Amino acid sequence: MSPVLQCRGLRKTFHGSVVLDSLDLDVAEHEVVALIGASGSGKSTLLRCVNLLERLDDGTIHLGGEHITDPRADADRVRRQIGIVFQAYNLFPHMTVLQNILLAPVRVHRRARAEAEQAARTWLDRVGLGNRAGDYPDRLSGGQQQRVAIVRALVNNPRLLLLDEVTSALDPELVGEVLSMVRELKGDGMTMVLATHEMGFAKQVADRVVFLDGGRVLEQGPPEQVLGDPVEARTRQFLSRIIEAGRL
Ligand SMILES: Nc1ncnc2c1ncn2[C@@H]1O[C@H](COP(=O)(O)OP(=O)(O)OP(=O)(O)O)[C@@H](O)[C@H]1O
Ligand SMILES: [Mg+2]
């Protein structure tokens with residue numbers, strides 16, 4: 001079966017310094033891939049390139065067989081198929097939960113409001129926030145706001161969901177509710193790529209862990225192998241620092 005996401009030879013530089021370096025990555029349908037690696041290794045940049053928020057210097061990305069980094073590709077149409085959620089949930093404070101969720105589908109993707117609203121309310125119900133649709137974000141906890149941000153990313157029924165450190169801005173007691181939502185999405189068969197510093201999260205949800213080092217894939221495999229018995233010295237070094245910090 002051909003992969004949902006296929007990245008080939010990705011190269012990205014910022015002001016002459018190489019951030020992604022001949023990076024290849026395939027993600028199969030229903031697969032959950034966790035990106036790990038030191039700060040600055042390129043995890044966020046990779047996710048932003050996949051979502052066409054950054055332009056590549058070289059390489060190609062295919063989504064569902066379509067060449068999305070082709071300059072002729074319609075970026076809005078591509079982004080409709082990719083949900084992305086960032087560390088800071090970025091909800092607009094002057095808009096209600098429902099207005100935040102409907103902004104992109106109705107204004108950008110021109111979906112019929114009633115139909116998009118139905119999808120939004122179904123998702124909010126599922127994640128236990130059905131009664132919060134009319135609230136402003138500051139009335140919600142960080143965990144609830146992050147779940148709203150994930151719903152916002154899901155409302156277009158994306159083929160691929162990208163999660164960038166979705167738990168790292170949360171108080172520890174709120175992390176669990178976001179993790180269980182991600183686990184539920186995995187149960188639904190959602191294809192996901194997530195960047196995380198929480199190895200426990202990677203271990204629990206990922207089918208495959210990919211270790212990035214200097215913008216390259218240095219090592220990848222099942223979580224038990226990469227996190228438990230890594231092959232590469234640099235992976236071992238990274239994990240030992242994580243263990244010292246009490247995060248594994
Ligand atoms: N818009 C930008 N302009 C200039 N440099 C950038 C920009 N975005 C990222 N970088 C640089 O690219 C490198 C990779 O950054 P990136 O955010 O992808 O790393 P990361 O693996 O997500 O790190 P972290 O774990 O801290 O989130 C860093 O050196 C960063 O400073
Ligand atoms: Mg990052």
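In this predicted model, helix α5 passes helix α6 in a right-handed crossing. Helix α5 covers residues 142-154 and helix α6 covers residues 172-188. Their axes come within 8 Å and cross at roughly 25°. Angles under 35 degrees count as roughly parallel, so α5 is roughly parallel to α6.

The residues that make this contact can be listed helix by helix. On the α5 side they are Gly142, Gly143, Gln144, Gln146, Arg147, Ile150, Val151 and Leu154. On the α6 side they are Leu174, Glu177, Val178, Met181 and Leu185. Sorted by class, the contact of α5 with α6 has seven nonpolar residues, four polar and two charged.

Helix α5 also has a part in the largest pocket, where it is one of the elements that give two or more residues to the lining. The other elements that do so are α2 (75-80), β6 (82-85) and α3 (97-108). Of these, α3 supplies the largest share of the lining, with five residues.

How much space lies in the largest pocket? The figure is about 550 Å³. A total of 25 residues line this pocket, and those that lie nearest its centre are Asn51, Ile84, Ala104, His109 and Arg152. By class, the lining of the largest pocket divides into 15 nonpolar, six polar and four charged residues.

Helix α5 therefore links the two parts of this account: it runs roughly parallel to α6, and it gives two or more residues to the lining of the largest pocket.

Conventions: Residues numbered from 1 in each chain as written. Chains lettered and ligands numbered in written order. Predicted model: local features only at pLDDT ≥ 70, side-chain atom pairs only at ≥ 80, totals over all residues. Heavy atoms only, no water. Axes fitted to C-alpha atoms, helices over the stretch in contact; angles between N-to-C directions. Helix = DSSP H or I, 4+ residues; strand = E, 2+ residues; numbered from the N terminus. Parallel < 35°, antiparallel > 145°, perpendicular 65-115°, else oblique. Left-handed = near helix turned anticlockwise from the far one by under 90°. Contact = heavy atoms within 4.5 Å. Nonpolar A, V, L, I, M, F, W, Y, C, P; charged D, E, K, R; others polar. 1 Å grid on protein atoms, 1.4 Å probe; cavity = no way out; pocket = protein on both sides within 12 Å on 5 of 7 lines; lining within 4 Å. Points joined across faces, edges and corners; volume = space filled by probe spheres on them.
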